[in-house]
Amino acid sequence: MSTRVVRLLTLMTFIAVLTLGVIAGSAATSSVSAGEADECLSCHGQADFKSMGVYVDPAQFAKTPHADLGCSSCHSSITGYPHTTEGKEAPATTAVLKEEAASSCSSCHSDANQSFQTSIHSEMGLDCTSCHGDVHTVLASADPKSTTYRQNIPATCGQCHEGEVTESYKESYHGIAVKFGSSKAADCTSCHGSHGIVAVQAPNSPVAANNVPKTCASCHGTAGAKLAIGKEHVTIKNEGWGRPLYYTSKFFTWLTIITMTVLILWIEIELFHRLRVRKKSAQ
Amino acid sequence: MFSKAQAQSPAPAARQLNREAQEAGRPQLAPAPASSPRAGTTLYQRFNIHHRLQHAGIFSSFAVCALTGLPIKYSDAAWAGTLVRWLGGIDTLLVIHLVAAVVLALSCVYHVAYLVVAFLQGQRSWAMVPTLKDVKDVFDNIRYRLGLTDRPPYYGRYSVKEKFDYWAVFWGMFIMAGSGLMMWFPGIAGQFVPRWVIDSSRVAHSDEAMLAILAIVVWHFFNVHFNPSNFPVNWAFFTGKLSEEEMKREHPLEWQRLASAPSGKAAGTARVEGVLAPHSRLDRSWVFVAAEMVVYLVVLWLFLKAFLPIGLE
């Protein structure tokens, strides 16, 4: 055997062993954590835990990207059974658990948490679960069932932001395209940002009047300075910035009603003429 | 179907024109020269290859624009999602819409360029320009169709209907292309106009598109497809030719000019010889006519039911 073949075989064996090792290693990790979750869920997965507010659906939890982390990664104060809190031999209250769990997102998602701390949402008392849902059912944003999947973002924001904002978005091409699964059109976060979202009035908001042209340009290429004049979320109504839309709609609607009525009546008299002439010639 | 007899039967319009010419002391219409036995029927070349290509470019791209635009306008309807899926998703659908829109705009640019070249070559024609006679023709037509007069309006190269269609497309193209470009390039548009103009352009695009689709499907399709004389289709869009009978009936003044023109050419129309296109056999069927009257009344009712609330709200 030539040295080259020997070298190649050695390399291939090395890669094979490494791959197997990684697979075995990850399998081992997950089985350990899954084992822990199984242990917790043997009680917390029972339907009668629902009334205590400490029920976790085992089937749902198994689908979340967090399933591999087990339970104690977030619920770190609970180390065994019976559960203790602050050294006391007493079950942890759900309030304590929630507080502890909310702060534990940041132990992995530190960047997201850092921006979130500067946001208007944080200031108003929202937390991760407000948008991402219960951590025991949370799904990766790429999952079509996730609350933060592109197509679901308008509905997620719409839980709080009702009225003209969501109405006008639904009617806009952005909204229609996102609903149909566009990978390009803007969802709420494309213009407003996500974790670090600030109030519209804040000077550093991407949707503050001065920043609107630049924000539009991030997709549309050119920053039209006059895009700053006016409002984005406008529905067709005889009021404020809705007026130009309202009168445009009225103009074209009446143009259509008058034109089509006249044209159809024209068709009718042409057809009527044929019947009349036929009768006449038959006599 | 390809009978010569139709071309030889004298049209009432032409007969009447002759009578009027006689009364006024003007020369009467010369009959069309008899065709040689070996040649086909006498036909009138009304649309040249440029006209027909412009029309083909416009109608094919118009259909694609309508097909890809409607699911955006009626995005809440169940069929909209199905159509979007069939056409490869919304991002693909928009690309198809934009490509078709460019073809549509280029077809219109082709037409305008054709007009410019024709003018430079001295083939000027003002036949499409609306005149006072067109206003009169509208009222004459109503009176004639209702039986208040026996004299139909006599049309030249373009009837009032055709002028209406032509200028409606002209108006429509400005609205659609202008508003479409503003939505396609909002950043550039935003350097010149405030955003309420761009926002209104979406309303204008959507509403004018609906008017155009309705006008084509209801009105233009009646004129060229469902009119009992043309059912199922008037082949002039393809061949560019009209029969002698059609020429006398629909463009008697043009026919008259042509008859007295020694060259056999007048204002873009040329007398040629060829084979008559298939002719509708339903123009004498009163059942067909009555059925159409009912259908168009239903269309009017459905249309008003859908649009009046939007106009009145």
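Q: How many cavities of 30 Å³ or more does the structure hold?
A: This is a predicted model, and the structure holds 1 cavity of 30 Å³ or more.

Q: What volume does the largest cavity have?
A: The volume of the largest cavity is about 40 Å³.

Q: Which residues line the largest cavity?
A: From chain A, the lining includes A:Gly230, A:Lys231, A:Val234, A:Trp241, A:Pro244 and A:Leu245. Chain B contributes B:Trp196, B:Asp199 and B:Ser200.

Q: How do the lining residues divide into nonpolar, polar and charged?
A: There are 5 nonpolar, 2 polar and 2 charged residues in the lining of the largest cavity.

Q: Now the surface. Which residues make the nonpolar patch?
A: B:Val102, B:Leu106, B:Val109, B:Leu181, B:Trp184, B:Phe185, B:Ile188 and B:Phe192 make a nonpolar surface patch of about 750 Å².

Q: Which helices of chain B each supply at least two residues of the patch?
A: Helix H5 (90–120) and helix H7 (160–184) of chain B each supply at least two. The largest share, 3 residues, comes from H5(B).

Q: Where does B:Val109 lie?
A: B:Val109, one of the residues of the nonpolar patch, lies in helix H5 of chain B.

Note on methods. Residues numbered from 1 in each chain as written. Chains lettered and ligands numbered in written order. Predicted model: local features only at pLDDT ≥ 70, side-chain atom pairs only at ≥ 80, totals over all residues. Heavy atoms only, no water. 1 Å grid on protein atoms, 1.4 Å probe; cavity = no way out; pocket = protein on both sides within 12 Å on 5 of 7 lines; lining within 4 Å. Points joined across faces, edges and corners; volume = space filled by probe spheres on them. Nonpolar A, V, L, I, M, F, W, Y, C, P; charged D, E, K, R; others polar. Patch = residues over 30% accessible without salt bridge, like charges linked within 9 Å, V, L, I, M, F, W, Y side chains within 5 Å. Areas by Shrake-Rupley, 256 points an atom, 1.4 Å probe, with all protein chains shown as cover. Salt bridge = Lys/Arg side-chain N within 4 Å of Asp/Glu carboxyl O. Helix = DSSP H or I, 4+ residues; strand = E, 2+ residues; numbered from the N terminus.
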